[in-house]
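Hello,

Here is the structure I promised to pass on to you.

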Amino acid sequence: MPTPTKGPRVGGGPAHERLILANLATSLFEHDRITTTEAKAKRLRPLAERMITFAKRGDLHARRRVLTVVRDKGVVHRLFAEIAPDMAAREGGYTRITKIGARKGDNAPMVVIELVREPLSAKQATVREAEAATKRAAKPAAAEAAAEPAEVETTEAADTTEATEATEATEATADETTGEQKTDA
């Protein structure tokens with residue numbers, strides 16, 4: 001259950017609130033969308049998303065945790081067998097709340113809360129893959145940047161050594177042709 005909020009509850013007491021939210025969740029998973037008041041929908045959303053997260057896990061313990069809230073085994077089976085595979089690519093945001101106006105009798109703000117069953121668009125999937133690739137590329141680039149100064153120093157030292165050896169070889173060749181002996185002091 002979501003953490004209790006300050007102010008009046010949905011229903012009379014905490015037990016009644018739990019029952020109302022459980023019935024709303026059952027109806028939501030059974031029909032994919034329900035029309036209710038804005039206050040009830042806002043209280044239902046975290047509970048419904050948690051139940052979908054359990055269903056995505058799919059193990060026996062998760063099924064039993066969902067069964068403590070949603071008492072209808074047929075609805076729980078539908079949640080685990082149909083709804084959870086549709087939500088497998090999503091990392092949250094399984095529900096959508098859309099305002100539809102006020103109720104005629106008491107002017108209560110009404111909304112439609114529905115499950116977002118559409119698959120992620122190709123654009124969103126591409127953006128997610130690109131972000132992951134950027135993160136993977138950033139790690140080796142950072143490691144190379146840290147290792148680069150040492151490599152530059154060793155290559156400069158090797159270039160200096162090669163230049164010195166080339167100069168000495170040129171001088172030795174020149175000495176042999178003139179026949180002079182070079183002495184190092």
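Below is what turned up, going from the overall fold to a few single residues.

Please keep in mind that this is a predicted model. The protein has 5 helices and 3 strands, and along the sequence they come in the order α-β-α-α-α-β-β-α. Of its 185 residues, 26% are buried. If you take the contacts in the protein with a separation of 6 or more, 56% of them join residues 24 or more positions apart.

Thr 36 counts as buried because its relative accessibility is 7%, and the cut-off is under 20%. Beyond its neighbours within four places in sequence, Thr 36 touches Leu 24, Ala 41, Pro 109, Met 110, Val 111 and Ile 113.

Next, please look at Arg 90, in the loop that runs between helix 4 (73-86) and strand 2 (95-102). Arg 90 is buried but forms no salt bridge. Its nearest side chain of opposite charge belongs to Glu 118, 4.7 Å away, whereas a salt bridge has to be within 4 Å. The side chain of Arg 90 does reach the backbone oxygen of Glu 118, at 3.1 Å. Setting aside neighbours within four places in sequence, Arg 90 has contacts with Lys 56, Val 116, Glu 118 and Leu 120.

Finally, a word on rings. The whole structure was searched for aromatic pairs, and 0 were found. The ring of Phe 80 does have the charged end of Arg 63 sitting over it, 4.3 Å from the ring centre.

Best wishes

Conventions
Residues are numbered from 1 along each chain as its sequence is written. This is a predicted model: local features need pLDDT of at least 70, side-chain atom pairs count only at pLDDT 80 or more; totals for chains, interfaces and linings use all residues. Side-chain values use heavy atoms; hydrogens and water are left out. Helices (H or I, at least four residues) and strands (E, at least two) are DSSP runs, numbered from the N terminus. Buried means under 20% relative accessible area, exposed over 50%, partly exposed in between (1.4 Å probe, protein chains only). Lys and Arg count as positive and Asp and Glu as negative; His and the chain ends are not counted. A polar contact is a pair of N or O atoms within 3.5 Å; within protein, one must be able to donate a hydrogen and the other to accept it, and residues adjacent in sequence count only if both atoms are side-chain atoms. Contact means heavy atoms within 4.5 Å. Rings of Phe, Tyr and Trp (its six-membered ring) pair if their centres lie within 6.5 Å; planes under 30 degrees apart count as stacked, over 60 as edge-to-face and the rest as tilted. A charge sits over a ring if NZ of Lys or CZ of Arg is within 6 Å of the ring centre and within 35 degrees of the ring normal.
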